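Hi,

Here is the structure I promised to pass on. Have a look at it first, and my notes follow below.

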Amino acid sequence: MTDLFSKFDALIAQREGLLSTGVMDPFSLVMEEVKSPTVAVVNGKETILLGTYNYMGMTFDDDVIAAGKKALDEFGAGTTGSRVLNGTFQGHKECEDALKEFYDMKYAMVFSTGYQANLGIISTIAGKGDYIILDIDSHASIYDGCKMGDAEIVAFRHNDVEALEKRLKRLPADAGKLVVLEGVYSMLGDVAPLKEMIRVSKEAGAMILVDEAHSMGFIGENGRGVAEEQGVLDDVDFVIGTFSKSVGTVGGFCVSNHPKFEIMRLVCRPYVFTASLPPAVVACSATSIRKLMHGGNKRAHLWENSKTLHKGLRDLGFQLGTPEAQSAIIAVIMPDLGQGAMMWQALLENGLYVNLARPPATPAGMTLLRCSLCAEHTAEQVADILDRFERAGKAVGII
Ligand SMILES: Cc1ncc(COP(=O)(O)O)c(C=O)c1O
């Protein structure tokens with residue numbers, strides 16, 4: 001018998017090697033208690049959270065929680081059904097209405113996760129003979145959506161407008177083309193030059209999908225994302241997003257003005273062949289989305305936090321993923337996985353949680369400590385975070 005698990009031997013050996021040096025397993029952390037969007041108890045210690053993507057801090061919003069409790073009481077714990085059978089409750093429609101209003105778009109479809117939204121929309125709209133042109137650093141859910149469908153896949157260099165244009169020019173003029181972009185790339189926290197990319201894509205006759213997972217709620221005057229910020233939202237055919245970041249719940253969505261968009265509900269397998277979100281989740285999500293429409297003050301505070309942390313870390317001598325804060329993600333580049341894991345642990349022991357990211361999730365084989373700020377972080381917490389980075393960085397010998 002061939003052991004089908006032998007393909008994982010290298011990864012198992014790498015993991016065992018790392019753990020044998022005495023570092024904690026960074027990928028099996030347990031939040032024993034969650035006190036607020038910015039504080040949890042981990043290993044018995046009160047810990048500042050700086051790696052949750054809870055950008056707008058909506059997880060503990062009083063109105064959001066009240067809406068969830070009411071829906072739980074009135075509609076029960078789950079739907080036990082697909083959206084196209086018994087799984088569309090009043091709350092799902094209200095959630096889609098909130099999204100249409102939030103984006104000022106005609107159509108909205110709620111999926112059970114953002115992963116499934118990308119999987120479903122990308123694999124369904126680009127079919128045999130069509131082309132998907134995507135940034136090489138695209139999220140796993142975008143790649144998996146490509147794999148699930150029958151279109152030809154063409155990748156271009158990260159955030160490189162010229163490379164995108166060149167790839168587009170090589171494709172047959174009359175072929176169907178879908179350009180897939182992200183507003184903010186979550187590994188380094190860098191923003192895409194959507195304006196230029198959308199211009200060259202339109203010139204080539206392509207349709208455009210933008211995943212605004214890490215910008216919804218925060219970037220743009222109304223929090224609609226990078227496309228709004230760069231004044232090109234009207235040129236985007238499909239916006240994909242998630243509830244698992246700024247909205248503070250779980251779920252995914254696609255909004256569009258395409259006149260035939262509603263047919264997606266019948267042909268998109270990751271929408272049809274899975275159970276819908278529980279009533280409490282859609283009620284929390286709809287309330288959160290509506291509150292995010294009036295989140296201007298929170299957005300301004302989150303920018304303050306992001307800029308302060310970026311400048312502070314740079315001044316301490318850390319190498320960062322972007323020259324300035326472009327989003328609420330600040331990526332700290334580690335020399336290697338071993339030192340990255342040591343630094344991660346030193347921060348945790350100092351009461352600070354960040355995300356450790358390593359290849360293949362990261363670009364160019366980098367090990368990163370990814371920090372994501374929250375609108376609920378106070379200025380004192382940000383100062384504390386910098387202090388803890390300084391102490392841990394010196395102890396590990398990175399600065
Ligand atoms: C760019 C991007 N798209 C999609 C997703 C998937 O979102 P969800 O957590 O809702 O599955 C993520 C989540 O990490 C993401 O970063």
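Which hand does the crossing of α13 and α14 have? It is right-handed. Before the rest, please keep in mind that this is a predicted model.

Staying with that pair: α13 covers residues 337–349 and α14 covers residues 379–396, and their axes come within 9 Å and cross at roughly 135°. That angle makes α13 oblique to α14. On the α13 side, the residues that meet α14 are Gln339, Met342, Met343, Ala346 and Leu347, and they face Arg388, Ala392, Gly393, Ala395 and Val396 of α14. Sorted by class, this contact has 7 nonpolar, 2 polar and 1 charged residues.

Now to the ligand. The shell around the ligand has 14 residues, and the closest are Thr113, Gly114, Tyr115, Ala213 and Thr242. By class, that shell splits into 10 polar, 2 nonpolar and 2 charged residues. Helix α4 (residues 114–125) gives the most to the shell, with 3 residues.

α4 also packs against another helix. Its axis and that of α5 (residues 140–148) come within 8 Å and cross at roughly 35°, and this crossing is right-handed. From α4, the contact uses Gly114, Tyr115, Asn118, Leu119, Ile122 and Ser123; from α5, it uses Ser141, Ile142, Asp144, Gly145, Cys146 and Met148. The class count for this contact is 6 nonpolar, 5 polar and 1 charged residues.

Cheers

Terms used:
Residues are numbered from 1 along each chain as its sequence is written. This is a predicted model: local features need pLDDT of at least 70, side-chain atom pairs count only at pLDDT 80 or more; totals for chains, interfaces and linings use all residues. A residue is near a molecule or strand if its C-beta atom, placed from the backbone, lies within 6 Å of it. Helices (H or I, at least four residues) and strands (E, at least two) are DSSP runs, numbered from the N terminus. Ala, Val, Leu, Ile, Met, Phe, Trp, Tyr, Cys and Pro count as nonpolar, Asp, Glu, Lys and Arg as charged, and the others, Gly among them, as polar. Axes are lines fitted to C-alpha atoms, for helices over the stretch in contact, and angles run from 0 to 180 degrees between N-to-C directions. Angles under 35 degrees count as roughly parallel, over 145 as roughly antiparallel, 65 to 115 as roughly perpendicular and the rest as oblique. A crossing is left-handed if the near helix is turned anticlockwise from the far one by less than a right angle, and right-handed if clockwise. Two residues are in contact if their C-beta atoms, placed from the backbone, lie within 7 Å.
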